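Hello,

Here is the structure I promised to pass on to you. Please open it first, and then read my notes below.

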Amino acid sequence: QVQLEESGGGLVQAGGSLRLSCGAHGRAFSINAMGWYRQAPGKQRELVAGITSGGNTNYADSVKGRFTISRDNAKNTVNLQMNSLKPEDTAVYYCNADLFRINLGVTQTYWGQGTQVTVSS
């Protein structure tokens with residue numbers, strides 16, 4: 001079994017910072033792209049930031065310049081540093097990863113359980 005485990009999140013005032021972390025746990029896999037998505041109440045899930053295995057990144061326009069995604073390939077982790085948080089950043093944040101299952105010979109998409117980020121004004 002392979003699973004993504006998230007940590008971080010919580011309640012912060014506007015202008016503050018939070019750091020989210022996500023680790024992939026299991027056996028016999030390699031990681032391709034990783035990313036963070038978020039879903040606010042009544043809205044669709046949206047991509048916040050993504051990072052390829054080679055380190056190329058992309059960000060939603062709404063978070064450019066404020067959020068930074070990074071990954072540690074040796075530890076199978078991806079992080080999201082969130083600075084200058086705004087109330088509109090309030091959402092459940094989900095880790096996402098495309099994992100190549102070595103034993104199965106297929107790439108599968110995995111999601112974390114989600115972590116709440118609440119930014120107060």
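**What I found**

Glutamate 46 is partly exposed, because its relative accessibility is 35% (buried means under 20% relative accessible area, exposed over 50%, partly exposed in between, with a 1.4 Å probe and protein chains only). Its side chain meets that of arginine 38 in a salt bridge, 2.7 Å from N to O (a salt bridge is a side-chain nitrogen of Lys or Arg within 4 Å of a carboxyl oxygen of Asp or Glu). Arginine 38, at 5% relative accessibility, counts as buried.

Before going on, a word on the source: this is a predicted model, in which local features need pLDDT of at least 70 and side-chain atom pairs count only at pLDDT 80 or more, while totals for chains, interfaces and linings use all residues. Residues are numbered from 1 along each chain as its sequence is written, and side-chain values use heavy atoms, with hydrogens and water left out.

**The other salt bridges**

Side chains of opposite charge can pair when their charged atoms come close. By the rule above, the count comes to 4 salt bridges. One of them joins arginine 66 and aspartate 89, at 2.8 Å from N to O. Arginine 66 lies in the loop between β6 (57–59) and β7 (67–72), and aspartate 89 in the loop between β8 (77–82) and β9 (91–101), so this pair ties together parts that are 23 residues apart in sequence. Arginine 66 is buried, with a relative accessible area of 11%, and aspartate 89 is buried at 0%. A network of salt bridges links Arg38, Glu46, Arg66 and Asp89. There is also a salt bridge between lysine 64 and aspartate 61, whose closest N and O atoms are 3.1 Å apart. Aspartate 61 is exposed, with a relative accessible area of 65%.

**The chain as a whole**

The secondary structure comes to 0 helices and 11 strands (helices, H or I, at least four residues, and strands, E, at least two, are DSSP runs numbered from the N terminus). With 121 residues, a compact globule would have a radius of gyration near 14 Å, and the chain agrees, with 14 Å (taken over C-alpha atoms; the globule rule is 2.2 Å times the number of residues to the power 0.38). Along its principal axes, the C-alpha trace spans about 50 × 25 × 25 Å. Of the 121 residues, 40% count as buried. Among contacts between residues at least 6 apart in sequence, 56% join residues at least 24 apart (contact means heavy atoms within 4.5 Å).

**A few single residues**

Which residues does serine 30 contact, leaving aside its neighbours within four places in sequence? They are Asp98, Leu99 and Phe100. Serine 30 lies in strand β4, residues 29–39, and is partly exposed, with a relative accessible area of 31%. Its C-alpha atom is separated by 29 Å from that of glutamine 44, 14 residues apart along the chain.

Most residues other than glycine have a negative phi. Asparagine 76, in the loop between β7 and β8, has a positive phi near 55° and is partly exposed at 24% relative accessibility. Serine 84, in the loop between β8 and β9, has a positive phi near 50° and is partly exposed at 42%.

Best wishes
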